[in-house]
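These are my notebook entries on one chain, written down in the order in which I looked things up.

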Amino acid sequence: MAMKQTYYTSGWHYALLVSPIIFLIGLFFYVPVGLAFFWSFFLERPFGGGSEFIGFANYARLLGDTTFWSALHLSGIFMLLAAGFGVAIALILALAADRDLRLSGAARNIILWPKAIAGASIGVVFTFIFNPHLGLLAPLSTLFPGVWNPRMDGTQAFLMLVVAQVWHGLPFNFIILLAGLQSLPDTLIKAAAVDGAGPWRRILDIQIPLITPQLFLAFVLEFVGTLVDVFGLIDTMTQGGPGGSTTFLIYKIYKDGFVAYDLSGAATQTVLLMIFVIAMVLLQFRLEKRVRYER
């Protein structure tokens with residue numbers, strides 16, 4: 001008869017152990033979320049003096065603001081590009097690292113190290129890398145003056161942020177996908193090789209379909225990360241410019257709240273951003289239900 005090993009006799013002991021993290025999550029997540037909802041229905045005066053209940057007037061003002069829709073549109077495009085390229089490149093690197101080639105162990109460590117770097121630091125480094133006069137593309141700017149200048153060209157600034165975000169999110173996606181690949185049974189891969197399936201056929205017909213849950217998780221986390229974690233990159237690389245071409249919704253909230261002192265507008269946009277993120281995640285889960293996992 002199997003005996004269940006327990007360390008604590010009362011459930012209160014387990015509740016006591018997790019209570020610090022629950023307190024911190026409530027303090028730094030649920031309390032700000034609750035305040036954002038509360039302030040979105042009030043007109044908050046920037047320098048104190050009370051507030052005035054105005055109902056849904058903040059929402060009506062924002063939904064009629066073209067700059068809000070422009071920031072949301074840019075955020076959506078950035079989310080699709082950065083998440084798509086981030087997961088695709090991580091998948092390629094994970095497939096290469098899973099083959100146990102020479103120096104693949106060292107390569108795994110090198111790919112994981114960037115996860116320890118803060119987003120603002122990555123932004124500073126990439127600002128130098130993409131500098132038109134000092135960076136990697138400086139020779140191109142010398143041959144063709146003005147062809148590369150992300151400080152003046154909004155499209156180039158946008159692409160620069162996409163590259164930085166893909167590099168920033170690469171280690172975590174790589175870990176998830178490599179763990180999925182290494183959990184596959186070797187007998188399945190070897191049986192396919194014996195049956196004559198080449199490397200590409202084994203990747204497309206066996207490995208990628210079997211790691212669909214890991215791919216889904218990577219896409220969900222990357223979608224959320226591109227909407228929220230990109231703030232540090234924007235603040236250090238472009239400050240929302242040029243001409244608002246990189247003013248995504250998360251950075252617009254910061255500018256409205258801490259630069260323009262529009263506290264009610266910033267709180268309302270925070271609520272709308274949360275609704276947008278939740279809608280994207282629910283859409284992904286709805287699509288994921290149509291996938292059948294078979295092993």
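I began with Q239, which is partly exposed at a relative accessible area of 44%; I call a residue buried under 20% relative accessible area, exposed over 50% and partly exposed in between, with a 1.4 Å probe and protein chains only. Q239 lies in the loop between α11 and α12, and this residue has a positive phi of about 55° although it is not a glycine.

Before going on I noted that this is a predicted model, in which local features need pLDDT of at least 70 and side-chain atom pairs count only at pLDDT 80 or more, whereas totals for chains, interfaces and linings use all residues. Residues are numbered from 1 along each chain as its sequence is written, and side-chain values use heavy atoms, with hydrogens and water left out.

Is T247 buried or exposed? T247 counts as buried because its relative accessibility is 11%. Apart from neighbours within four places in sequence, T247 is in contact (heavy atoms within 4.5 Å) with A71, L74, G240, K252 and K255.

The buried residues in α12 are L249, I250, Y251, K252, I253, D256 and G257, and their cover includes α3, α10, α11 and α13. Just after α12 comes Y261, with a positive phi of about 60°. Y261 is not a glycine; it lies in the loop between α12 and α13 and is partly exposed, with a relative accessible area of 41%.

I looked up the nonpolar cores, each a set of buried Ala, Val, Leu, Ile, Met, Phe, Trp, Tyr and Cys residues joined through side-chain atoms within 4.5 Å. Which residues touch the most other members of the largest core? Among its 41 residues these are F78, L161, V230, L233, M237, F248 and L249. Two or more residues of this core come from each of α2 (57–63), α3 (66–97), α5 (119–129), α7 (154–182), α10 (212–228), α11 (231–237), α12 (249–259) and α13 (263–288), and α3 gives the largest share, eight residues. A second, separate core has 21 residues, including L95, L170, L184 and L210.

For M237 I listed the residues touched, not counting those up to four places away in sequence, and these are G123, F126, T127, M160, L161 and A164.

Last, I recorded the overall values. The protein has 13 helices and two strands, and its C-alpha atoms fill a box of roughly 75 × 75 × 35 Å along the principal axes. Of the 295 residues, 39% are buried, and among contacts with a separation of 6 or more, 68% join residues 24 or more positions apart. The accessible surface, computed by the Shrake-Rupley method with a 1.4 Å probe, comes to about 18,000 Å², and 70% of it belongs to carbon and sulfur atoms.

Note on methods: Helix = DSSP H or I, 4+ residues; strand = E, 2+ residues; numbered from the N terminus.
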